[in-house]
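Here is a short report on a protein model. Look over the fold before reading on.

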Amino acid sequence: MWYRPGMGKRGLVIHQGALGDVVLSFPALVSFQRQRDVRLTLLCARQIGRMAQDLGLVDCYYPTESRQATYLFQRHWRSEASRFFGDFDLIIFIGYSQTVVAGLQHNFGGPTYWVTPRPDITDACHVARHVRKGFEEQGLLFVSREMPEMSGALNSHVVPGLSVPAVDFGRNGELFVLHVGSGSDRKRWNTESFVTVAREIQANGMGTAVFLIGPAEEGLITFLKKEIGRYGRPMVLDLDRSPGRAGQVDLDMAGPCFYLPTRDLREVISLLKRTRCFVGNDSGLTHLAAYLGVPTIALFGPSSPSRWAPVGNHVTLLRGVVDCRPCFVTSSRNCEDPRCLTGISTEMV
């Protein structure tokens with residue numbers, strides 16, 4: 001067997017998923033490191049890998065944009081690929097590519113484990129629980145629910161038996177971050193409703209509302225400038241990119257309400273350190289905020305909360321109706337009256 005207590009093994013985890021998928025694999029990865037005394041390297045998208053390393057969730061990372069990732073698609077490894085993978089005692093592949101798995105099993109001398117990142121669309125199992133079950137079934141994790149990392153389950157109404165290690169990075173808590181985007185337009189709550197929530201936050205002196213705009217939502221900046229300008233002065237946070245302070249947020253120029261367009265997860269992490277509450281759709285950033293312990297309000301529509309609810313200590317999940325069958329993975333479009341989203345009122349949020 002590959003594992004012996006105290007051996008200090010090195011493992012490579014290859015994850016082909018987007019931010020939300022990778023975040024929901026963190027509970028299994030952290031438990032694996034704790035139980036097996038394994039130092040992990042993560043091969044995934046650059047932004048995600050750098051974030052995971054910065055948060056101390058893995059020892060180091062390699063981006064999928066690097067040449068090391070191309071080794072996965074070589075039928076026969078050359079010396080450079082063999083040297084790279086030879087530094088690891090085991091490999092865990094979280095993905096769907098049978099080609100990658102076949103190449104690893106053919107070329108890698110140590111044990112290779114394959115875990116699918118999501119359950120079948122007919123399975124209501126939560127994604128994070130599914131990944132952990134994959135680790136358990138292959139002997140990478142103990143099945144016993146009496147393990148320390150299995151106690152104090154978080155979001156127990158959605159993910160029984162699953163806990164998330166706390167990541168406490170000292171939030172000051174004066175900001176309310178609103179993330180209006182998502183990986184799909186089908187999952188987005190009405191943008192005007194986000195603006196109304198921001199207006200109420202400001203009017204009641206609860207804190208400063210920040211609209212977090214990612215690359216997929218940059219087209220909303222013009223709209224937000226116009227809407228925010230009706231009751232406040234739209235401003236952009238000054239993101240300090242000087243050496244040693246990359247991604248740190250300077251709040252000295254904070255106005256009544258402002259927005260933050262960003263392409264850098266380090267900037268998002270810096271913002272979340274100052275966040276009192278995060279409000280967002282079903283998206284990778286909402287999963288990240290929840291995992292980091294930020295009080296999170298997750299707005300769910302056509303996607304399934306039982307499979308995709310964010311996992312964290314302080315998560316409130318809102319959906320417009322409870323009797324509507326999630327259709328995001330079974331239908332190409334929302335229905336004509338998507339009450340799952342439109343039924344979420346600004347008063348509820």
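Leaving aside its neighbours within four places in sequence, which residues is Leu288 in contact with?

## Leu288 and the cores

The contacts of Leu288, with sequence neighbours within four places left aside, are Val23, Met51, Leu265, Val268, Ile269 and Leu272. Contact means heavy atoms within 4.5 Å.

Leu288 is among the residues that touch the most other members of the largest nonpolar core, along with Phe26, Phe32, Ile92 and Phe135. That core has 46 residues. Another core, of 24 residues, lies apart from it; Leu178, Val197, Ile228 and Tyr259 are among its members. A nonpolar core is a set of buried Ala, Val, Leu, Ile, Met, Phe, Trp, Tyr and Cys residues joined through side-chain atoms within 4.5 Å.

## Basis of the model

The model is predicted: local features need pLDDT of at least 70, side-chain atom pairs count only at pLDDT 80 or more, and totals for chains, interfaces and linings use all residues. Residues are numbered from 1 along each chain as its sequence is written, and side-chain values use heavy atoms, leaving out hydrogens and water.

## Overall build

The protein has 13 helices and 13 strands. These are DSSP runs, numbered from the N terminus: helices are H or I, at least four residues, and strands are E, at least two. Of the 349 residues, 54% count as buried. Buried means under 20% relative accessible area, exposed over 50%, partly exposed in between (1.4 Å probe, protein chains only).

## Helix H5

Helix H5 spans residues 79-86, with Ala81, Phe84 and Phe85 buried. Seen down the axis of H5, these buried residues fall within an arc of 90 degrees, so they line one face. The arc is that of the directions from the helix axis to the C-beta atoms. Exposed Arg83 and Gly86 sit on the face turned away from the buried side of H5.
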